[in-house]
Each structure stands twice: as structure tokens, then as C-alpha cells.
Amino acid sequence: MQTKKKNSHWRAHAVLLVVLVAMIYPMVWLVGASFKPENQIFSTMNPLPLAFTIGNYVNGWTATGTSFTVYLSNSLTVSLVTVVANVASCSVAAYAFARLDFAFRKFWFGVMLGTMMLPFQATLIPQYAIFYQLNWINTFLPLVVPYLLAYDAFFIFLMVQFIRGIPRELDEAAELDGAGHVRVFFSVILPLLKPALLTTTILTFIWTFNDFLRQLVYLSDHSRYTAPLGLNAFVDRASGSSYGGMLAMSVVTLVPTVAVFLISQRRLVEGVATTGIK
Amino acid sequence: MSENSGVAVLDPPVQEEAAAPVRRKRKRHKHNLAGYGFLAPWLIGLFAFTLIPMVYSLYLSLTKFNLLTAPQWTGLDNYVRLFSDERYLQSIKVTLLYVVTSVPLKLAAALLVAVALNRGLKALGFYRATFYLPSLLGASVAVSVMWRQIFSRDGLVNQFLGLFGVQGADWIGDPRYAMWTLVVLSAWQFGTPMLIFLAGLKQLPQDLYEAAAIDGAGRFTVFFKITLPLLSPMVFFNLVLETINAFQTFTPAYVISNGLGGPIDSTLLYTLYLYLKGFGSMQMGYASAMAWVLFAVIGLFTAVYFWSARRWVNYAD
């Protein structure tokens, strides 16, 4: 029995590893190819470059006429501001839904869940028209301001679920000591909410950094372009030539999100597994 | 509720009776103030970025609007025109095909891998994280660029097929295959539903499995008679979410087809066409009508799921 079980584990490992290698191989190839000279990129499946060069990175970095330094710092600005805005606004709303008792709470909660199902295309055009009237086109404001106002209900829901798991006795004890809702929120709920805040931070960062459509619609100047837009501009320009630079810049735009993933993967995977996520 | 009980302990019951209505009213008032105070940012956002835009969008869908001049009322004209717009009908065809193939494929992959992982394997954390990574990066332009290269005529896929003497097609350039590269890309991102399935599998009651083992049930019987029914709420959850997501896919279709939906509109997903109409040719009234139809279609799918759930989703209380 014991050995039989071990054998089947070996088989499971073998199958899983094959699947895993097949899945990851394209990314390994991408990284390898980005260090190959142009004429060797498509000549072999071997991801290891025979002749190692960083020329693709050097040339690709400024190939669109604007440096990737600009694109990356724009992306980081947008992503980091969105993270802070999203964490702050969603946690406040989640506290209200999970702990406070007010008229029409259930109604608003239902509305909030409803907005999670809403396709973002439904509001894309009118939002654009509104931001156009406000003269916000080609600024970061349309990308960031909605998140100051808890635009992504998914994270509210995630935090509501988490707060519901925090024992109410803790709030009540603080209230008996004379703490108001603001103090309960800051000194009882927020510290205990940390795991959910962390999941929110990581996912918001990665999703914002990789977001494309909204940035494509709102930003039109190269000086305002984010990393995905810069890469897309490269693709438009390169089609047919300079694959090396294009692949190298693809790697560059993946680095921030992969880095965040590697640092946080254990907690992130736990967080996603227990909360259930898009 | 239990907040009130905290107060009740402090107050002697006799006093409570006389003073209760007044105090309760004041209390309720205070709660409303605090509740709506904390809710205010979300409420303002709800009206500013969701509700008002939706009403505005409904109005725009009944007009001709190019952003620069005021909308012109055209009634249902946009909706009528949709159904004689060949490209629109093509985008519906492509999108439906994409949704009904990519979602089941992704969920099947997620479920298979989750079941395979759920046997107390060593290095579970490593597998989980690695399988999850593609679904985290999959929406990026960079991954779409990579996909375009590996499915190109002399890309990685064809080199691999070449090892077996198979001459691969020009996957991206051939209208018969281009859409399928998007389906494969979607299936490649099975990590998120896999994590949710794994979490569900961990909570399944072990005694059923022991009973099945005593009865000598085979692995397939156990999977189809025990695991799958018990996991059906998770299947339902993932099905709803992934369907909504699939309808909204944009980036890979845009990048792989250079923003055009080609070759011969074979990758013209709904959102891509909406983008081309709304922001390419500035037909924002028309694009708003498209958005409302999409909203209705997603609503319909979700409604059918919820309606059918009674038959196949097993809620064990």
C-alpha cells in the first residue's frame, strides 16, 4: 500500500512537471530570446543564447523615441497611487458594510455586488465623455480618481468577507472604552485586516500595471505613456523588424509584476485561495 | 444588532422601557450618520462613475455622438443598424465562439490540475504558485506579444511540431486558426480557478471518500459521483466569473491582430470592435448601443446560469 501510493505520487509529479514545463517554457524562451542576436531568435527552440548580447535592451530602450524609463515611471506612478487610493477607500466602505448598522444597508450591499458583475464596457464611453468635458484626457486622473472612490467593488467585497471573520467582541470592547467608529476602524479593524489589505495591494498593483484598454483610451502623448502603451507603440513600429528589441522590452515590462509576485507569492496564493477571485 | 446588546447590558431594563424610543431614535440616527459617513466615498463613486455614466450611456445609445459636437437624437436607430452591420455580426460570432470554447477549456484544465495537486503532494506550494503565475500576467501586453511570436510561422510552436516532422500553419496569419491562439492563451491562464478549486477540494468531507474506497469505487467513479457534485458550487462560481471575463477580453485580440481584429475579422472580439467604433471612428452613440447589448447578453448568460444552478449545483447545508 505504502509503495503503491509513492509510485502514484511519482506519476503525478511526472505529469504535473510536464504540464508545468510546457506552460512556463514560452516565458523562459522569451527571456532567453531577448538576449540573443536578432538572427538567432527564431533559429532554435533552445532558450539559452549561443551568443549573449544585451544589445536588444540597449536599442529597445529608446527605440520608440521616448525612453522606457519614462514609460516605466509613469506606470509605477499610476499603479502606486491606485494602490493607495484603492486600499484606503475600499477598507472604509468595507467597514461600513461589515460593521455599521444603517438604513438601506442591505440594499446598498446588493448594489455593490451588482456592480461587480457589471462589464466595464458599459461605462467606458460615457466615462470618457465625462472626463473629456472635465479636460482630464491625457492625464492620469481618469485612471486614478475612480479608485479614490472605491470603484472596484471586488475589493470591498473581499474586505467585507474578511472583516466578518474578525470577532465582534474586539470592537465592542473598544466601544466600551469609549472609542468611536473612527477609532475602532483605525485601531481595531485595520490592524487585523492586514492580510486582506496585502492581497488588495498586490492584486491592485499587478492589475493596474498590466491594464491596457483604459490606458490606451485615456493617454495619447508618449510622455504620458505607461509601459503597456510604450510596448504597444514598439509593436506598431517594429512589426517585421527588430524582434529582439520588442522581446527585450516585453521582458522589461514584465519585471515589476513578476518581482511583486515572487516577493509575495506565498501570501498572495493563500489570499486568493481563501477569498475566491476573478 | 449586537452593538445594541452591548448598550442594553449597561442600561437597567426598567429605565430602558421609558427612555427607549427616544434613545433608540437618537441611536439609529447616530448609526445612520456613521454608516453613511464611512460609505460616502463609495456612494459618491457609485453615482459619479457607475450610475450616472450608465444612464448617460443609455441616452447616448439613442443618439449620434462623436464627442466633439452635441449628441443628436436618433431613437433606436443605432440598435437597428447593429443587426445589419456585417462586422458587428461577425464580432458576435467570434465572441460567442471564444466564450463557449475558452471558458470550459480553462475550467477543465483548472479542475484537472487541482485534483492532481490535491493528493498531499510534496512541493504543493511551488506547483500552485507556478501554475498561478500565467493568470496573473496573462492580461499584459507583453504576454500577448510573446504569444504572437511563439505562434508565428517560424515560432516556438512550429519548431516543436517540426521535431515530429509536422509542418505547422501560420497560426496568427491564418483566419482559420488565429482565434484559437486566443483560446489557448485563455486556457493557459487557468491558475485562478485552479486555486479556487483547490481551496474547495480541501474542504470536502473525507468520510465519503473512505466509504467509497471501502465500496471499491474506481477513481473515475469517485471523481464523477463524489468530487464533482460536491465541488459544483465552485464550478458555478468559476463559470460565472470566467464567462463575464471572457466576454470582456480585449488585450490579446488587439495585440495579436495589430489592433484590427484580423485576419479577415477572425479575432474581432466584441470589446475590440466596440473600441474601434467608439475610439477609432468616434461613433460613440453606436458604441454605447453595443455596450448595452453586451450588458444584456452577459446578464442573460448569468441569469441562465443561476436558473440552471438549481438543477446541477449541489448546496449541502
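Predicted model: local features only at pLDDT ≥ 70, side-chain atom pairs only at ≥ 80, totals over all residues.
Two residues are in contact if their C-beta atoms, placed from the backbone, lie within 7 Å. For chain B the mean pLDDT is 85, with 90% of its residues at 70 or more. The complex receives an ipTM of 0.88 and a pTM of 0.87 from the predictor.

Residues are numbered from 1 along each chain as its sequence is written, and chains are lettered from A and ligands numbered from 1 in the order in which they are written.

Chain B contains 14 helices and 2 strands. Of its 317 residues, 39% count as buried. A residue is buried if 20 or more other C-beta atoms lie within 10 Å of its own, exposed if 12 or fewer, and partly exposed in between, with C-beta atoms placed from the backbone. Among the contacts in chain B with a separation of 6 or more, 71% join residues 24 or more positions apart. Helix α6 (residues 141-150) of chain B is largely enclosed by the rest of the structure, because 10 of its 10 residues are buried. The buried residues of α6(B) include B:Trp147, B:Arg148 and B:Gln149.

UniProt annotations can be set beside the model. These positions are given in the numbering used here, feature names are shortened, and annotations may be inferred rather than shown by experiment. For chain B, an unreviewed UniProt entry lists "transmembrane region" at residues 33-59, 96-117, 129-147, 177-201, 222-241, 253-276 and 288-307. Within the model, residues 177-201 of chain B are 88% helix and 0% strand, with end C-alpha atoms 36 Å apart. Residues 288-307 of chain B are 100% helix and 0% strand, and their end C-alpha atoms lie 28 Å apart. For chain A, the unreviewed UniProt entry gives the label "transmembrane region" to residues 12-35, 76-98, 107-131, 143-163, 184-209 and 243-263. Residues 12-35 of chain A are 92% helix and 0% strand, with 34 Å between the end C-alpha atoms. The span 243-263 of chain A is 100% helix and 0% strand, and its end C-alpha atoms are 30 Å apart.

The two chains meet through 77 residues of chain A and 82 residues of chain B. On the side of chain A that touches chain B, helix α13 (residues 243-275) of chain A supplies the largest share, 13 residues. By class, this side of chain A has 53 nonpolar, 17 polar and 7 charged residues. In this scheme Ala, Val, Leu, Ile, Met, Phe, Trp, Tyr, Cys and Pro count as nonpolar, Asp, Glu, Lys and Arg as charged, and the others, Gly among them, as polar.

The largest nonpolar core holds 155 residues, of which A:Ala93, A:Ala94, A:Ile156 and A:Met159 touch the most other members. Helix α3 (residues 68-99) of chain A gives this core its largest share, 14 residues. At least three residues of the core come from each of domain 1 (2-60) and domain 2 (83-312) of chain B, the domain bounds being taken from an automatic or database domain assignment. A nonpolar core is a set of buried Ala, Val, Leu, Ile, Met, Phe, Trp, Tyr and Cys residues joined through C-beta atoms within 7 Å. Apart from neighbours within four places in sequence, A:Ala94 is in contact with A:Ile156, A:Met159, A:Val160 and A:Ile163.

A:Leu148 sits in helix α6 (residues 141-148) of chain A. A:Leu148 counts as partly exposed because it has 18 C-beta neighbours inside 10 Å. Beyond neighbours within four places in sequence, A:Leu148 is in contact with A:Ala85 and A:Ser89.

Key. Helix = DSSP H or I, 4+ residues; strand = E, 2+ residues; numbered from the N terminus. pLDDT = per-residue confidence, 0-100.
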